Amino acid sequence: MESFKSLFDHYNYVVTIVLMVAGLYIVIARGNMIKKLIGLMLFQTSVYLLYIAPGKVIGGTPPVLDAKFTVYSNPLPHVLILTAIVVGVATIALGLALVTRIHEAYGTIEEDEIFARDEQE
Amino acid sequence: MSALTAQLPGLQVVIPLLGAVLAAFIRRGALAWGWAALITATTPVVAFALLVQVWTSGPISYHLGGWPPPIGIEYRVDLLNAFVLVLVSLVSAIMMPYARRSVAHEIDGDKQAWFYCMYLLCLTGLLGITITGDAFNAFVFLEISSLSSYVLIAMGRDRRALVAAYQYLIIGTIGATFYVIGVGLLYLVTGSLNFADIALRLGEASALYQRPVLAGLAFLFVGISLKLALFPLHVWLPNAYAYAPSFATAFLAATATKVAIYLLLRVIFSIYGVALDLKSLPISAVLYPLSIAAMFIASILAVYETNLKRMLAYSSVAQIGYITLGIALMNQAGLTGGIVHLFNHALIKGALFLALGAIVYRAGTVKLDNLGGVGRTMPLTCAAFVVAGMSLMGVPGTAGFISKYYLIVGALNAGMWPIAFLIVASSLIALVYIGRAVEVAYFRPVSSAVAHAKDPPLMMLVPLLVLAFASVYFGIDTELSAGVAGRVAEILLSGIKVGGAN
């Protein structure tokens with residue numbers, strides 16, 4: 001029972017880990033290049049959660065200075081993740097651009113078919 | 001003048017960053033090259049000034065935006081990263097004249113300016129990772145350099161360059177994300193992102209939260225190892241190097257993996273080593289077998305490779321094994337050997353890949369079977385290849401010998417004579433694959449592909465010869481390489497906590 005309780009107390013970490021593993025699994029298991037990118041996005045998104053969820057201080061207000069409040073949530077993780085989101089968007093955009101070019105060059109975006117075509121040369 | 005000196009750490013990153021932005025507005029390839037060469041030429045000047053300053057008066061702390069650390073981002077220059085800054089910027093500046101003809105030959109006119117824009121961004125990222133004292137800032141620079149290097153690789157002429165860039169993108173992003181997870185775990189337990197500040201707080205935090213601290217190390221280690229192509233996480237590297245434009249291959253081989261190794265040194269010795277007893281962590285236990293596997297398996301793969309660029313790419317994986325072996329030894333001579341090999345290998349591989357780029361420029365192929373007799377039609381290029389190749393093997397009197405000498409002394413000091421033997425044995429495999437290329441180049445009849453080839457224009461030849469000369473010169477005069485590396489190793493090792501004594 002104790003371990004169940006701790007599991008539910010830390011459900012945000014459970015969600016993070018499930019997303020992380022699911023994302024990484026898709027990247028490894030799928031041969032379709034777009035699906036791989038989707039997995040990669042999921043994997044990156046899980047990290048956003050890892051940072052942001054602990055930034056919430058229970059009973060804390062948004063970090064706007066006011067005489068009425070003394071406890072504030074930590075704003076730093078949000079700022080960090082804002083940067084990480086920008087990086088993630090750039091990565092996916094570049095990945096999609098590459099997949100488009102690969103499709104033009106090979107006529108397919110399945111990894112095994114691409115390798116087969118390279119083998120033939 | 002002193003006002004300028006105080007801003008040097010900032011300028012090291014800001015000059016190439018602004019240079020990259022402005023390069024994006026240039027349309028003509030020749031003009032973009034001139035601009036990129038000018039910007040690149042400033043970076044070693046700044047780096048040398050920083051190295052001199054650090055050498056004479058100790059580490060520099062530069063506060064971005066005037067915010068003091070640990071709240072603000074700090075650029076912290078100590079001997080280790082000043083050394084890496086000099087290496088990265090100097091090698092880039094030496095290679096830059098080479099780029100003009102090589103890039104014009106391999107990349108369409110309207111895309112050349114973009115190539116130089118991406119090159120400058122990549123340089124910015126690499127210098128940024130090296131100079132920053134902030135873990136998250138290092139991630140941002142890591143992604144700047146990675147994203148631009150994916151583009152550089154994708155600009156190769158062969159369509160396989162696209163697939164290689166895509167695979168590198170997937171693996172590189174996983175690596176960078178692992179790194180952020182590791183940083184996140186450290187942030188959760190210490191509440192800080194500044195390297196020095198994390199190190200201060202980590203000892204206390206690890207007593208309370210042992211598992212997140214260890215998991216953080218594991219994530220950082222795997223993430224960075226993906227970037228530095230530690231065996232068996234190297235699978236992205238051979239194709240990426242083989243199909244990228246010649247100049248991009250030489251640039252990335254000489255600099256990108258070296259900067260990742262720097263980051264690994266930082267994490268191991270400046271964060272974990274300061275706070276915890278390194279002997280109690282399984283770092284060496286993981287690095288020994290992987291380094292030795294890299295030295296042998298990657299070298300043997302290189303022997304069976306018929307594409308010379310891929311052969312050298314596998315050789316890079318093997319050489320990285322020597323560097324990580326030096327890290328695993330964790331004693332003065334071993335670590336000196338690792339760091340000095342980081343320096344020497346950058347020069348050697350830079351020279352070798354530039355030589356291949358020159359062959360691509362004249363003969364249009366790097367397939368071993370087509371290159372019979374190339375040593376007679378391109379004498380200077382192949383002479384440079386042979387000289388750098390000898391340095392790669394570690395022939396006495398060359399730079400490669402100095403690295404291996406220190407590594408062997410380090411292994412013997414650690415009481416591990418089998419490792420000293422393995423270092424020598426794996427060097428002999430390098431003799432086989434370099435020797436095979438030499439045999440084809442000099443002892444076969446001249447083939448049709450290279451019959452009308454001749455040495456490349458002077459602008460390409462001079463950087464190649466300079467790097468080949470350097471890979472011998474630093475075997476004789478070791479002041480800048482082994483001298484500084486030894487001092488760096490001393491500082492790193494004196495900072496770490498030793499088991500028992502605090």
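Here is a short tour of a predicted model with chains A and B open in your viewer.

Before you click, note that residues are numbered from 1 along each chain as its sequence is written, while chains are lettered from A and ligands numbered from 1 in the order in which they are written. In this predicted model, local features need pLDDT of at least 70 and side-chain atom pairs count only at pLDDT 80 or more, but totals for chains, interfaces and linings use all residues.

**Select chain A.** Switch to cartoon and you'll find five helices and zero strands, in the order α-α-α-α-α. (Helices are DSSP runs of H or I with at least four residues, strands are runs of E with at least two, and both are numbered from the N terminus.) The C-alpha trace spans about 70 × 40 × 15 Å along the principal axes.

Now colour by burial. In chain A, 23% of the 121 residues count as buried, meaning 20 or more other C-beta atoms (placed from the backbone) lie within 10 Å of the residue's own.

**Now select chain B.** This one holds 20 helices and two strands. Its C-alpha atoms fill a box of roughly 70 × 55 × 40 Å along the principal axes. Keep the burial colours on: 65% of the 502 residues of chain B count as buried.

Conventions. Buried ≥ 20, exposed ≤ 12 C-beta atoms within 10 Å, placed from the backbone.
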